[in-house]
Amino acid sequence: MFLLEIIKTIILGVVQGITEWLPISSTGHMILVDAFMPLKVYADEVVNKEFVDMFMVVIQFGSILAVLLLYFHKLNPFSPKKDNIQKRDTWVLWSKVLVASVPAAVIGLLFDDIIDALLYNPLTVAIALIVYGILFIIIEKKKKKPLVTNLNDLDYKTAFKIGAFQMLALIPGTSRSGSTILGATIVGCSRKVASEFSFFMAIPVMFGASLLKIIKLDMALDLSGIIILLLGMVVAFVVSVIVIKSLMRYIRKHDFTIFGYYRIVLGIIVIACVLFKVI
């Protein structure tokens with residue numbers, strides 16, 4: 001029944017929009033939701049699996065648009081409201097984002113199929129959730145005064161180091177935002193700088209991943225597939241706008257410890273579900 005798949009798509013869009021920007025792993029949550037509530041857009045199982053694999057990545061494009069909307073002025077080097085120095089600083093920011101995107105882009109292109117085949121499973125997600133949850137708690141407890149409190153003070157070397165941490169996010173359950181925020185914190189960035197730079201890094205990485213999945217798609221989408229894909233992206237976009245605004249308000253007075261505990265609890269639940277063959 002197509003209406004049921006519409007409802008599933010809305011739920012997946014909400015999950016994507018919430019978890020993409022919080023350091024709790026959007027891919028991990030999407031895998032888990034699909035394990036309990038699989039999308040069945042096409043009758044042929046092989047065709048359906050290929051569509052769902054593409055959907056899980058391309059839906060992130062809606063989340064990217066949310067960042068572009070909320071930070072349009074900061075990211076727009078052509079803004080007539082900026083002077084020449086501000087325009088130059090914007091181009092420099094984009095160049096740092098691209099430098100930070102190189103490590104994950106290279107590894108992702110080389111090992112995309114291997115990662116999909118070997119690591120996209122609930123147990124991998126559970127282990128990654130727990131390991132990085134523990135790291136978040138430890139690092140927050142040892143938190144030192146940040147050295148970088150403004151994006152303009154972020155140099156290329158530091159940007160590349162943060163990009164190296166982003167490679168860890170290729171493992172499902174790690175969290176792209178989680179690995180980059182964690183990495184940025186370790187190399188001396190404030191939570192605000194770490195979060196915003198993580199948002200900006202998502203643009204080329206997620207756009208590239210979405211484009212790669214579409215190019216590799218070996219099927220023609222019919223109307224139902226197009227509707228599901230567009231609906232998922234629209235829901236992810238709307239929810240992402242709300243979550244990004246909320247997160248930036250939250251980190252003004254709070255740290256990321258609560259996300260560490262959430263990851264550990266969720267990881268334990270997933271392992272229990274695997275052991276009892278619930279998923």
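Trainee: At what angle do the axes of helix 4 and helix 11 cross, and within what distance do they come?

Mentor: Good place to start. Two packed helices are described by the angle between their axes and the distance between the axes. In this predicted model, the axes of helix 4 and helix 11 cross at roughly 45° and come within 7 Å. That angle makes helix 4 oblique to helix 11. As for handedness, helix 4 passes helix 11 in a right-handed crossing.

Trainee: Which residues of helix 4 and helix 11 meet?

Mentor: From helix 4, look for Phe61, Gly62, Ser63, Leu65, Ala66, Val67, Leu69 and Leu70; from helix 11, they meet Met233, Ala236, Phe237, Ser240, Val241, Ile244 and Lys245. Sorted by class, this contact has 11 nonpolar, three polar and one charged residues.

Trainee: Let me try helix 4 with helix 10. What is the angle there, and how far apart are the axes?

Mentor: Helix 4, residues 60–70, packs against helix 10 at an angle of about 145°, and the axes lie 9 Å apart. Here the crossing of helix 4 with helix 10 is left-handed. On the helix 4 side, Gln60, Phe61, Ser63, Ile64, Val67 and Leu68 make the contact, and helix 10 brings Phe199, Phe200, Ala202, Ile203, Met206, Phe207 and Ser210. The contact of helix 4 with helix 10 divides into 10 nonpolar, three polar and no charged residues.

Trainee: And how do helix 10 and helix 11 cross?

Mentor: Their axes come within 10 Å, at roughly 160°. Since angles over 145 degrees count as roughly antiparallel, that makes helix 10 roughly antiparallel to helix 11. Helix 10 passes helix 11 in a right-handed crossing. Lys192, Ser195, Glu196 and Phe199 of helix 10 touch Ile244, Leu247 and Met248 of helix 11. By class, you will find four nonpolar, one polar and two charged residues in the contact of helix 10 with helix 11.

Trainee: How do the lining residues divide by class?

Mentor: The lining of the largest pocket has 25 nonpolar, 14 polar and 10 charged residues.

Technical notes:
Residues numbered from 1 in each chain as written. Predicted model: local features only at pLDDT ≥ 70, side-chain atom pairs only at ≥ 80, totals over all residues. Heavy atoms only, no water. Nonpolar A, V, L, I, M, F, W, Y, C, P; charged D, E, K, R; others polar. Axes fitted to C-alpha atoms, helices over the stretch in contact; angles between N-to-C directions. Helix = DSSP H or I, 4+ residues; strand = E, 2+ residues; numbered from the N terminus. Left-handed = near helix turned anticlockwise from the far one by under 90°. Contact = heavy atoms within 4.5 Å. Parallel < 35°, antiparallel > 145°, perpendicular 65-115°, else oblique.
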